[in-house]
Protein chains: 2
Amino acid sequence: MENLENSTDCKETASPLNNSGSLLNNTDSRPDGRAMGFVLVHAGAGYHSESKAKEYKHVCKRACQKAVDRLRAGGMALEAVTAALIELEDSPFTNAGTGSNLNLSGEIECDASIMDGKSLNYGAVGALSGIKNPVLVARRLLSETQKGKLSAGRIPPCFLVGKGAEQWAISHGIPACPTEKMTTKFSLSGYKRNKRKMELAEQVEMKRKRQSCEHENDFGCLEPVRDLMVEGEENNSACLDTVGAVVVDREGNVAAAVSSGGLAMKHPGRVGQAAHYGCGCWAENARDISLYSTAVSTSGSGEHLIRTMLARECSTAMQAENTHQALLEAMQNKFISSPFLAGEDCVLGGVIVLRCCTCGEAQRSEDIQAVLVEFLWSHTTESMCVGYMSAQDSKARSPSLRHTHARLQRTVFSLGSASCGSRPSLLPVSKRFDEVAVLRVAVVGVFLFVRPFWGGRRR
Amino acid sequence: MENLENSTDCKETASPLNNSGSLLNNTDSRPDGRAMGFVLVHAGAGYHSESKAKEYKHVCKRACQKAVDRLRAGGMALEAVTAALIELEDSPFTNAGTGSNLNLSGEIECDASIMDGKSLNYGAVGALSGIKNPVLVARRLLSETQKGKLSAGRIPPCFLVGKGAEQWAISHGIPACPTEKMTTKFSLSGYKRNKRKMELAEQVEMKRKRQSCEHENDFGCLEPVRDLMVEGEENNSACLDTVGAVVVDREGNVAAAVSSGGLAMKHPGRVGQAAHYGCGCWAENARDISLYSTAVSTSGSGEHLIRTMLARECSTAMQAENTHQALLEAMQNKFISSPFLAGEDCVLGGVIVLRCCTCGEAQRSEDIQAVLVEFLWSHTTESMCVGYMSAQDSKARSPSLRHTHARLQRTVFSLGSASCGSRPSLLPVSKRFDEVAVLRVAVVGVFLFVRPFWGGRRR
């Protein structure tokens, strides 16, 4: 793959209808047996401290590598996305699996879900303790669903929570893991710090109420306690929410997954968007009414992402021709300004999005099928850590975690000589989004792979 | 209220744009202080045994009465819908609260959710044991969300599950209730019968496998065990899934709620559509982009209702002008033939739907505002038990649980002399739905209330 290149004309190139001609004049159609596919991962939208930026980027790259290893070994999207998630969950730096935020009782309770764009099957777990990789349970639930009914015609579950989910996982061969092994020094120190903050906040609140009775409107002497959700605090892990991945495989199937330890100091039993259908992840292959296959994974404040069903909304938006405009509008209208979040003063979230389709010109060829992949991410938070890699890359990439406000960076890159990009630039965002200070950035990339097609009829 | 009247021209009357003129020529604009509002409830789509039909209808009527009592006492939609749900949960005949289906371990685990169309706030509990009225916990979660952030800026949860949900409920003053008190003779005998069936099914399956090894394709001697989900069995409670209600209050606000004990013999920790955002219930007041306020509550196979997000889909469909056609199309395209349920041989579900808007002609009046309410239900199951009542009715109504195939009964009725209906008839459904044998019936009613409006500007 060529280096990342910013492009002035990527608006045009991002549309498969506009750029496919040049792509398929290319003679380097990947030979039979060459691995194909693409993965995009995230390690959360929130605040990633500068001192640990290297670690976050590193884990994203490793997750991409794991997914690509699966794709190269002939694995499909669902396997690759699971492999990426396991790597992300195993990192002590992410808020998923090992190193998850602790809840009010000092315990780990994880949410995770996975969706297969081909079968549209789905599996999810919520408030799950004692399992090292929650995504494995979600994946297994999905697989069991695909096997059909249980004995006596019972419908297999697609969503399990709590102790029942843990028991089901163990009975299906997924090993138990004591919470202590999943707790890190980092998560434990975060818990203690947050507990002190909460106690202080409650003391301040009580004093405020007492003062309010004694001297109305005289709060001057009370220092407000900083919110657990506040951005920009070096040692604050509360905003490091959720990891996820989206994958397209050699057949053009998409899959998406998400996993989270949830908000720091959440109430036991609280389930966030990572376990919620349509909210944490979404994957849907192209079919009659939808031209593009889409996959989405979200991160941020679970309650906001649930109430806006952000994953599904972004997936729907991706059927529009102009991907980056569609994503910005979805983030603005369906999230930041959503009537479902009216009154919320701080709407925190981020998404990674992938969409793909068979290239127009490629459809004329009988034995070659080209798949155009576009990928984007957008967040309202201080930072968002992502990584991406194609099955033909030698290594994964993870761009800068922070971006300037009110600028839209658009990146076009190409695979081998199947180029669809041109020269670098930075495009100012439209006035509409200039005014939205909280919507940080949307990065768009276009990636193409050409795959041999053995069959009289194209899919 | 006049008696229910079937109408040949109700297609026109159902549209607020077509019938409001005649409505507001009426001089009986309800006087100040007269109670207004409407409730529609269901006691599940599934198989309701003939021998207990009376009980099911009776509990629906009682639930309507409770909701109307709240409306008459000045309560809003959210309070009324909660009152209806408590009555439905308390009945030993319904699969919600007391009398819920038992899970594989012989325990009760309930799901419930509630949504407020005005604030768009939402509360839900999943796999909750030890609380008599799960809807009360969902309602309290919703109320707490409306109060704003918790100490140290933490976002309050909108969805709690399992033990954590139970602890939260108790800490918020909702009393605990031992499972034994919620278990009925009926649910216990159902559990024992289902357990035997499962064991038998598993034995048959093992024998089948053994025979398959010994004599391939020789299964003739094995009698298949009847599915737990099968319809038409007199003593089978497995299909009696979920109760719910939709309400519109005197201000035109809508609310919806749903509660379920879940599938019989479900795995512990399994959460169904009743706790799932967008799947179990939906309520959304009219706003800029939507002319109608809508409220929906669903029932049926939780996994199917989750994967199709049926509540939200039906709500969206209700923005079309022709309600009954829109609901039939939604049930057909978004549920029965949904790509999300491809491969499922038995798609079981039902919905109750309510939509309302300010009547066209009423908008010309400075001091009177008329609200037109349309209500419908549709199900793919053998039966669905519903009840409905306006705040000015002397008693609730609960029509026949079963309906003939391929006929669409449409009912128009009016409040007092503010009539918008005409003579009875039965309309054959369009050919399209003639072919859908599983989609039983959709009943539509139109109801109008005229309310005084004190204010210079209408809402």
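**Close-up views of a predicted two-chain model**

Figure 1. The side chain of B:E313 pairs with that of A:R312 in a salt bridge, with an N to O distance of 3.1 Å. B:E313 belongs to helix α10 (residues 310–317) of chain B, and A:R312 to helix α10 (residues 310–317) of chain A, so this pair joins two chains. Both partners, B:E313 and A:R312, are buried. Side chains of opposite charge can pair when their charged atoms come close.

**Figure 2. The salt bridge between A:E144 and A:K147 in chain A.** The closest N and O atoms of A:E144 and A:K147 are 2.9 Å apart. A:E144 has a relative accessibility of 14% and therefore counts as buried, the limit being under 20%. A:K147, by contrast, is exposed, because its relative accessible area of 61% lies over 50%.

**Figure 3. The salt bridge between B:K147 and B:E144 in chain B.** The side chains of B:K147 and B:E144 meet at 2.9 Å, N to O. A:R140, A:E144 and A:K147 are joined into one network by salt bridges that share partners. In chain B, B:K147 is exposed at a relative accessible area of 61%, whereas B:E144 is buried at 13% relative accessibility. Over all chains, the count of salt bridges comes to 24.

**Figure 4. The symmetry relation between chain A and chain B.** Chain A is superposed on chain B by a rotation of 180 degrees, with 0.0 Å of shift along the axis and an RMSD of 0.0 Å. The two copies are thus related as by a two-fold rotation axis. Within chain A, A:G162 has the C-alpha nearest the axis, at 3.1 Å from it. Of the interface residues of chain A, 98% are also interface residues in chain B, so the copies meet through the same surface.

**Figure 5. The largest nonpolar core and the surroundings of B:F159.** The largest nonpolar core holds 112 residues. Those touching the most other members are A:L40, A:M115 and A:F159, together with B:L40, B:M115 and B:F159. In soluble globular proteins, nonpolar side chains tend to be buried together. When neighbours within four places in sequence are left aside, the contacts of B:F159 in chain A are A:F159, A:G269, A:R270, A:V271 and A:H276. In chain B, B:F159 is in contact with B:A124, B:V125, B:G126, B:V271 and B:A275.

Terms used:
Residues numbered from 1 in each chain as written. Chains lettered and ligands numbered in written order. Predicted model: local features only at pLDDT ≥ 70, side-chain atom pairs only at ≥ 80, totals over all residues. Heavy atoms only, no water. Least-squares fit on C-alpha atoms with pLDDT ≥ 70 in both. Contact = heavy atoms within 4.5 Å. Salt bridge = Lys/Arg side-chain N within 4 Å of Asp/Glu carboxyl O. Buried < 20%, exposed > 50% of the residue type's maximum accessible area, 1.4 Å probe, protein only. Helix = DSSP H or I, 4+ residues; strand = E, 2+ residues; numbered from the N terminus. Core = buried A, V, L, I, M, F, W, Y, C linked by side-chain atoms within 4.5 Å.
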